[in-house]
Amino acid sequence: MATTYQSLMDGAPWRRKPASGGPAFGQRMADLGRAALRITAGLALVAAGLALAATLLSHSPTDPSLNSVTTAAPRNLLGTPGAYLSDLLLQGVGIASALLIPLLWVAGARLIANRPTGRLRRGALLSLAAALLGAAALGLAW
C-alpha cells in the first residue's frame with residue numbers, strides 16, 4: 001500500500017488531536033499567536049495614547065514646528081517629532097484633540113482584556129467629528 005504525503009501529514013504529532021478530544025497542537029499554537037498579536041496591538045495602542053498625552057501636555061509654543069523656526073532644542077517630552085505633532089494637532093483641532101487619548105486607551109485596554117472592541121471604527125469617527133466640532137465651537141466662542 002502506497003503512502004501519500006497527505007496521509008503522512010495527517011499522522012504528524014502537531015495534527016493529532018489529544019486523547020481528550022481538544023484542539024490539535026497546530027490549532028493551539030495558532031490561537032497562542034493570535035492572542036500574542038492581539039495583546040501586542042493593545043499595548044501599542046495604550047503606548048500611543050500615553051505618547052499623545054505626553055506630547056500634548058508638554059507642548060511649548062517656542063518649540064520648532066512647521067511655522068516656527070528656532071535653533072533652540074525642543075522642550076517637548078518626545079523631542080522634535082513630538083513638537084511637530086503637538087503643534088499640528090493643537091493648531092488644526094485645538095484642545096479637543098485630547099479626545100483622541102481616551103479613545104486609544106479604551107481600544108487598547110479592550111484588546112488586552114480580550115473584550116469585544118465594539119464599534120471601534122464608529123467611535124473613532126465620532127471622536128474625530130466631536131474634536132472638529134469642539135474646535136469650531138471654541139473658535140467661534142473665543
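Contact here means heavy atoms within 4.5 Å, and buried means under 20% relative accessible area, with a 1.4 Å probe and protein chains only. The structure is a predicted model, in which local features need pLDDT of at least 70, side-chain atom pairs count only at pLDDT 80 or more, and totals for chains, interfaces and linings use all residues. Residues are numbered from 1 along each chain as its sequence is written, and side-chain values use heavy atoms, with hydrogens and water left out.

**Overall architecture**

- The protein has five helices and zero strands, where helices (H or I, at least four residues) and strands (E, at least two) are DSSP runs numbered from the N terminus.
- Along the sequence the pattern reads α-α-α-α-α.
- Of the 142 residues in the protein, 22% are buried.
- Among contacts with a separation of 6 or more, 50% are between residues 24 or more positions apart.

**Helix α2**

- Helix α2 has 33 residues and reaches 48 Å from its first C-alpha to its last, close to the 48 Å expected at 1.5 Å a residue; the expected span is 1.5 Å times one less than the number of residues.
- Its buried residues are G42, G49, L52, A53, T55 and L56, and they pack against α3 (79-92) and α4.

**Packing of α2 with α4**

- The axes of α2 (residues 25-57) and α4 (residues 100-112) come within 7 Å and cross at roughly 160°; axes are lines fitted to C-alpha atoms, for helices over the stretch in contact, and angles run from 0 to 180 degrees between N-to-C directions.
- The two helices α2 and α4 are therefore roughly antiparallel, a term for angles over 145 degrees.
- The contact of α2 with α4 has 18 nonpolar, three polar and one charged residues, where Ala, Val, Leu, Ile, Met, Phe, Trp, Tyr, Cys and Pro count as nonpolar, Asp, Glu, Lys and Arg as charged, and the others, Gly among them, as polar.

**Residue A53**

- A53 lies in helix α2 and is buried, with a relative accessible area of 12%.
- Leaving aside residues up to four places away in sequence, A53 touches I101 and W105.
- A53 and I101 are 48 residues apart in sequence and 6.4 Å apart in space, C-alpha to C-alpha.

**Packing of α2 with α3**

- The axes of α2 and α3 come within 9 Å and cross at roughly 80°, so these helices are roughly perpendicular, the term for 65 to 115 degrees.
- On the α2 side, L52, T55 and L56 meet G82, A83, L85, S86, L89 and L90 of α3.
- By class, this contact of α2 with α3 has six nonpolar, three polar and no charged residues.

Definitions and conventions:
Angles under 35 degrees count as roughly parallel, over 145 as roughly antiparallel, 65 to 115 as roughly perpendicular and the rest as oblique. Buried means under 20% relative accessible area, exposed over 50%, partly exposed in between (1.4 Å probe, protein chains only).
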